Amino acid sequence: MKRLRPPRRGIALAAAMLMATTGLAACGGSNSGSGTVHLTWYINPDVGNADASKGGQATLAKECSDASNGKYQIKVQLLPNSASDQRIQLLRRLAGGDKTMDLMSVDPAFVSEFAAAGYFAPVPQNMVATFKQDRVQSSIDASTYDGKLMSVPFWANTQLLWYKKSIAKSAGLDMSKPVTWDQLIKAAQKTKTQIGVQAALYEGYSVWINALVTGAGGKIVDNPNATYENLKMGLNTAAGKDAARIIHEVSSTGVGGPAMGSSTETESLNLFISKKGAFLVNWPYTYGAYTGKDKSDVAATMYPETVAGKASRPPYGGIQLAVGKDSQHSTLAYQAAACITNEKHQAQYMIASGNPASRKAVFSDSTTTFTPPGGKPTTVLQAFPNGIAAKIRESLDAAAARPLTPYWGDISTALQQKFSPPNAVNQNTPSKAQSFILNVLKGKALL
Amino acid sequence: MSTVAETTKGELTADEQAHLSDRAKGERRLGWRLAGPAFIVMLLVTLYPIGYAVYLSLFNYRLTDPAGKKLVWLQNYITALTDSLFWQAFVTTLVIVIVTLIIELVLGMAIAMVMNKVVWPRRTLRTVVLIPYAIVTVVSAFSWKYAAQIDTGFFNHWLHTLTFGGFSESYNWFGGRWSSLTIICLSEIWKTTPFMSLLLLAGLAQVDSAQEEAAKVDGATWWQRLTKVILPNMKAALMVALLFRTLDAVRIYDNPYVMTGGANKTETLSMLVGTETVSRVEIGMGSALAVILFVIVLIIAFIFVKLFKVDLTTSGRS
């Protein structure tokens, strides 16, 4: 007899589950009509993230909201961790005409790109002087595109050469004078120690390459304001070859550590903290984040020279504040930016987060304090003791920004690809990278 | 069913046939009038984005540089098709498609046959088999990534133990192209085999058990019954399953994106489209690549429908 099969419930179940796995996306809401304007500030992760008790950007948002007497209320939105992901998130929202882009913390590498595309609301003429007041020049440069101030200098970062005094002494290095990369490599070889650098496939590697090229008196991009068709590059030059030589030396001698090709700020800091670590090029947060035993052995000096006798050009980093073109409260947003970047807030933020201010006066401020949760009141000079605060200030004056071109995103990625892995970098790398970058920009090569 | 239809047809007179075809014609016209507007809307909804992508692909156009938009005709296609990066992504995608498809087919068939034979606990079994498929791809990708990583993973520990120390505990699965692809394929297979087996189960259900029994009585071996009776009878379901899974695998994005981010030459075609459009906002090149991917999908669908004679409209019947 023919046996009848029961209905295939499994298939119906499969269909139901298929539908259940389909995700739903939610969109942000709009302002309420209570009279107080709600401003959204897209912040990059820092010491407090969204926690307003830690002294990070969320704290500044809260303090400025309170100080506005009910004019505005700033709500923070946390951006992703990496600079590239932050760029994509901001870019997508800006390109999509998101009206909540009232304030955003932008990496200086992407200010030109966004400004050139017309994504920023113009800085009100009557506030330009306020935003330039007492700022280090490199932070003003990084906020400017095509001769106009396009964003507000917020924090101004720069890399220093961190070293352990004991090892530098035993290697016979005089750290009171400028040192070169070659000297560092020799010192590390002599003392069988290592130098922390950033050479993974990410923006930090471009920062190093740019510092080496500009330190040799060169420029990666000659005419940053040009369109992609007329862009001229200065990588295939003596300066570019100097940079390639140093990367090759650090890698091939082994002083860059075993995982140099995948080393970011965190890995290089860990290398520096370890017993083998002697030298490190990294941002000022290093001092606060140093968890090694003898912190008093750690000191900082100016970024190493690419070419002996030629003053180094330390990397410029930091964050600029910008207002989106579709923000419905751009005037208020700029007022909030002025509050966020006033001298007191800059000092407090520098103490709490370890991210240096763009205002010159902050570096010698001995009165403003910040009290971390459960800690004691600290001043800038206590947070960055032993002359480190003054060194950061000096380094900021000498700092060179990454090329202020709208195409830096592509140039940077292409640069990292052609300079990876570091031990394969040779004297032909700069010319190969240069022609590859130009091809990518003209749409003749994929990236 | 087919026998009933044939007898009715044979009994019709010529007169009745003419009458019916008139009615059929009227019905067809009414059908078009009723479904026509929906059909046109559907065409617009599907064709507009495709047409717009084709249009955009003719430009050198990046979102952040609207002023630099320039008509370059087929330059983007030429660049894409002559670039080694494209072919590298093509090979990566092809490897993933072939490897996962073969393994999923064999494994899916085995599971389907078990599910078909098992009487108790049939429903529970079918639900359990479906679990991997119900998990969101990104979540499953992360689980596999953490399972294979050196610091968080257990793969290396197991392999180390099972090989009595022969397998290094510090083996970096994501350090090379083929080892990364192995993990990517494994997670893909784990995730979509249930889908394959359910589609195959539906096909198995259509195989007439009388034919199978007759073959058994005639002394056919298990293999002969599988290849001569079962598989030919469920060809339609088999082909639909294969077609769906192939198209799905060609578009693979999440797994490699989460696990390697495209490092070590593990970038797939979809990821390449994503990089160009989302991270580089190079809309022109991204569109060109998307169109190329679309054409590849069309070619695959054509091969299945025309060469393997997959009839999507009658997949429910044998």
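Predicted model: local features only at pLDDT ≥ 70, side-chain atom pairs only at ≥ 80, totals over all residues.

Residues are numbered from 1 along each chain as its sequence is written, chains are lettered from A and ligands numbered from 1 in the order in which they are written, and side-chain values use heavy atoms, leaving out hydrogens and water.

**Stop one: the sheet**

Select β8, β9, β7 and β10 of chain A: in that order, these 4 strands make an open sheet with mixed pairing. (Strands are DSSP runs of E, at least two residues, and helices are runs of H or I, at least four, numbered from the N terminus; strands pair if DSSP finds at least two bridges between them.) At the edges sit β8 (194-196) and β10 (298-301) of chain A, each pairing on one side only.

Now pick β7 (160-164) of chain A, which pairs with β10(A) in the antiparallel sense over 4 bridges. Zoom in on A:K164 and you'll find A:V298 of β10(A) opposite.

**Stop two: B:D83**

Jump to chain B and select B:D83, in the loop between α3 (75-82) and α4 (84-117). What does its side chain reach? The backbone nitrogen of A:L446, at 2.8 Å. Leaving aside neighbours within four places in sequence, B:D83 is in contact (heavy atoms within 4.5 Å) with A:A445 and A:L446.

Conventions:
Polar contact = N/O pair within 3.5 Å; in protein donor to acceptor, adjacent residues only side chain to side chain.
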